Amino acid sequence: MKNIKIKFNNLTLYFLLIALLSGYIKNALVILLIVLFHELGHIVVAKMLGYKIIEVEIFPFGGITKIDKMLNTKIYKDLLISVFGVLFQLLIYLACLMGIIDSPLVYEYNLSIMLFNLLPIIPLDGSKIIFELLNYRLSYKKSLIIYSVLSCLFIVLYFLFNYHYELNNYMIIILFVCKTVEVFNKRTIIHHKFIIERFLYNPEFSKVKNTNETVGKYRKEYRYYYHLDNRILTEKEYLKKIYQKD
């Protein structure tokens, strides 16, 4: 992780302090090492795809790797980035099963964190995987909405199964709520950025579509052409007309 900025969230520092005072510092360090290895999976595949890593923020239950890339990235690339964290943890899981890592503590924590990260709750990897799968069939705008609503639903389910009083659980739930509300409130801004990228840059497209659809129905990987005023307009020309009108 040379030259990559690693930031420990305040919740993580609190978690480490509580673990130290309660005599569970070994457990806390094992969790953090697993989390770092998970994030290494995201970093490795992002680097292989040619992206720059902005920052890695570590939380008590996982991390968030911020990558310098466009929203109009090919779906399979975003899926690879999301999946590789779990795949790296799968290596730990297999190493434990084969006896290479002989530690029940590592086995239990690694399995728990791996399954936890697959929950479709923002900002976990499970939600990012669901979002990209939605983009295969739906518009980017609609995918954002469904992605946020699913996250809300699973936050409620998570709370119902973890309602007993544990401070760590409530901190995690609060973080989930904050991140989900943030995405939902910013969905218009995020979608606008998605459209602006297509106007300013040349994202990779694998499909072409003749259409009269509004920008709200734009999908990832599609380049659009319009039949207007007895001529064919490219997507960029169409967007230019919209922005000039505004």
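1. Which residues is Ala-46 in contact with, leaving aside its neighbours within four places in sequence? They are Tyr-51, Ile-53, Ile-67 and Ile-81. Contact means heavy atoms within 4.5 Å.

2. A word on the source. This is a predicted model, where local features need pLDDT of at least 70 and side-chain atom pairs count only at pLDDT 80 or more, while totals for chains, interfaces and linings use all residues. Residues are numbered from 1 along each chain as its sequence is written, and side-chain values use heavy atoms, with hydrogens and water left out.

3. Ala-46 also belongs to the largest nonpolar core, which has 22 residues. Ala-46, Ile-53, Val-56, Ile-67 and Ile-81 touch the most other members. A nonpolar core is a set of buried Ala, Val, Leu, Ile, Met, Phe, Trp, Tyr and Cys residues joined through side-chain atoms within 4.5 Å; buried means under 20% relative accessible area (1.4 Å probe, protein chains only).

4. At least two residues of this core come from each of α1 (10-22), α2, β2 (52-58), α3 (75-97) and α4. Helix α2 gives the largest share, nine residues. Helices (H or I, at least four residues) and strands (E, at least two) are DSSP runs, numbered from the N terminus.

5. A second, separate core has 16 residues, including Phe-131, Leu-134, Tyr-222 and Leu-233.

6. Helix α2 (residues 25-48) packs against helix α4 (residues 104-117) at about 50°, with axes 10 Å apart. Axes are lines fitted to C-alpha atoms over the stretch in contact, and angles run from 0 to 180 degrees between N-to-C directions. Residues of α2 that meet α4 include Val-30, Ile-34 and His-38; among those on the α4 side are Leu-105, Tyr-109 and Ile-113.

Notes: Buried means under 20% relative accessible area, exposed over 50%, partly exposed in between (1.4 Å probe, protein chains only).
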